Amino acid sequence: MMIFVTGGAGFIGANFVLDWLQEHDEPIVNIDKLTYAGNLESLASLQDDSRHTFVHADIGDTKVIPELLAKHQPRAVINFAAESHVDRSIHSPEDFIQTNVVGTFHLLESVRSYWNQLDQQNKTDFRFLHVSTDEVYGSLTKNEPAFTEQHQYEPNSPYSASKAASDHLVRSYHHTYGLPVLTTNCSNNYGPYHFPEKLIPLMIVNALAGKSLPIYGDGQQIRDWLYVKDHCSAIRRVVAAGIIGETYNVGGWNEKPNIEIVHTVCALLDELRPREDKKSYTEQITFVTDRLGHDRRYAIDARKIERELGWKPAETFDTGIRKTVQWYLDNQEWVANVQSGAYRDWVETNYAERT
Ligand code: NAD
Ligand code: DAU
């Protein structure tokens with residue numbers, strides 16, 4: 001018995017691989033293209049672990065993926081691989097279409113032909129879990145109820161549109177071909193190994209480097225935040241017990257405006273690593289030009305996964321954010337190594353035109 005994970009060198013994928021191997025002895029083949037967001041240093045602790053096999057490949061590779069499936073005979077494929085940063089999708093959407101839409105399509109085709117030739121029992125037991133996002137549902141006003149699984153898709157950015165397209169393809173492979181698929185739609189994750197282009201890790205590393213903390217627009221946009229290890233446990237639960245063809249919303253019941261998140265990060269840093277001048281890190285906050293088409297509010301109604309599968313998050317925001325800030329303080333070398341090459345170029349592109 002073994003599973004395939006795609007995108008397992010990224011933020012959530014790496015946390016999932018580490019988490020899975022802490023909970024199980026079932027081996028993982030981890031397939032990742034190693035884009036700017038893929039970082040094998042996050043998996044350094046598995047270097048001598050025979051349960052983890054890393055393969056440098058693209059999910060859209062129609063030669064390599066079928067060969068890997070035939071060779072390893074996984075009982076499940078968990079698809080994390082994607083281009084994931086909304087701002088990058090606004091500047092250059094093409095990679096998002098290539099990986100999130102075309103790549104997912106090719107992966108589905110490879111998996112479908114592998115699954116078709118399994119014997120009846122293995123066919124019945126097989127699972128394809130597609131990891132998706134709450135952003136496919138679009139934006140909520142302040143008082144609208146949180147997204148349920150029935151909420152209509154209204155993606156607003158090239159990123160969320162590409163994820164929505166991939167969700168639809170996954171759904172269609174179940175409806176048309178009977179492929180045993182599951183989809184999870186999760187809210188904003190945070191925690192260890194998060195690439196410092198996203199809000200929380202960017203604020204931590206900029207604060208420590210004495211740089212400005214750029215808040216888009218008025219900072220009142222609301223996101224629901226989930227500690228990444230809770231997302232991992234939700235995915236494990238859905239693979240184990242989810243009903244084929246169903247989707248599950250995953251969230252932390254932690255809706256917060258961005259400005260509050262940044263104030264919380266600053267307060268923790270003031271406590272754990274005070275500035276030399278004893279002033280608060282909040283002094284570094286700067287309001288900058290808003291993201292184009294910026295979604296105002298996301299909120300997840302995670303009652304279905306709790307009711308049907310018994311999953312709920314273990315961390316509160318207070319416990320999770322403290323662990324996260326502490327992790328970044330303890331892992332400055334990981335941060336320094338990540339802040340090279342492509343990441344530096346991106347910072348230039350994204351923030352140069354914001355006042
Ligand atoms: P990430 O950008 O940190 O990692 C993505 C990984 O996929 C990287 O390791 C990258 O090298 C790899 N990859 C990219 N294109 C690939 C390709 N064509 N073939 C193989 N590998 C490829 O992303 P993340 O934040 O870890 O997100 C993982 C998944 O979870 C994504 O599908 C994302 O849409 C979804 N998601 C993320 C969040 C979040 O808050 N980060 C929330 C909900 C859902
Ligand atoms: O909701 C789930 C999604 O969460 C995932 O599908 C995406 O892959 C993931 O990147 C994340 O998307 P967001 O756009 O919500 O995350 P990001 O960290 O980029 O931004 C969070 C909020 O903070 C958003 O409202 C924009 C704002 N922001 C972001 C950055 C990078 C700022 O105000 N300043 C910044 O510098």
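Me: Why is histidine 130 called buried?

Reply: Buried means under 20% relative accessible area, exposed means over 50%, and partly exposed lies in between, with a 1.4 Å probe and protein chains only; histidine 130 has a relative accessible area of 1%, and is therefore buried. Histidine 130 lies in strand S5, where strands (E, at least two residues) and helices (H or I, at least four) are DSSP runs numbered from the N terminus. As to the source, this is a predicted model, in which local features need pLDDT of at least 70 and side-chain atom pairs count only at pLDDT 80 or more, while totals for chains, interfaces and linings use all residues. Residues are numbered from 1 along each chain as its sequence is written, chains are lettered from A and ligands numbered from 1 in the order in which they are written, and side-chain values use heavy atoms, with hydrogens and water left out.

Me: Is serine 187 buried or exposed, and how do you know?

Reply: The relative accessible area of serine 187 is 5%, so serine 187 is buried. Serine 187 sits in the loop between strand S6 (181-186) and strand S7 (188-190), and its side chain makes a polar contact at 2.5 Å with the side chain of aspartate 224. Beyond its neighbours within four places in sequence, serine 187 is in contact with residues among them Asp134, Leu226, Val250 and Ile300.

Me: Why is threonine 53 described by the intermediate term?

Reply: Its relative accessible area is 32%, so threonine 53 is partly exposed. Threonine 53 belongs to strand S3 (residues 52-56), and, not counting residues up to four places away in sequence, touches Ile28, Val29 and Asn30. Threonine 53 and glycine 293 are 240 residues apart in sequence and 40 Å apart in space, C-alpha to C-alpha.

Me: What makes a set of residues a nonpolar core, and which members of the largest one touch the most others?

Reply: A nonpolar core is a set of buried Ala, Val, Leu, Ile, Met, Phe, Trp, Tyr and Cys residues joined through side-chain atoms within 4.5 Å. The largest such core has 69 residues, of which Phe16, Ile78 and Ile305 touch the most other members. Helix H1 (residues 11-23) gives the largest share of this core, eight residues. A second, separate core has 24 residues, including Ile59, Leu107, Val111 and Leu118.

Me: Which residues come nearest to ligand 1, and what places a residue in its shell?

Reply: A residue is near a molecule or strand if one of its heavy atoms lies within 4 Å of it. Of the 28 residues around ligand 1, Ile12, Asp32, Ser84, Tyr159 and Lys163 come nearest. A polar side-chain atom of aspartate 32 is 2.5 Å from an oxygen atom of ligand 1, and a polar backbone atom of isoleucine 12 is 2.7 Å from an oxygen atom of ligand 1. Ligand 1 taken alone exposes 830 Å², of which the protein buries 97%; accessible areas come from the Shrake-Rupley method with a 1.4 Å probe, and for residues only the protein chains shown count as cover. S5 gives the most to this shell, with three residues.

Me: How much of ligand 2 does the protein cover?

Reply: An oxygen atom of ligand 2 is 2.9 Å from an N or O atom in the side chain of arginine 223, and another polar side-chain atom, from tyrosine 351, lies 2.7 Å from an oxygen atom of ligand 2. The protein covers 95% of the 690 Å² of accessible area that ligand 2 has on its own. The largest share of the shell around ligand 2, three residues, comes from S8.

Terms used
Polar contact = N/O pair within 3.5 Å; in protein donor to acceptor, adjacent residues only side chain to side chain. Contact = heavy atoms within 4.5 Å.
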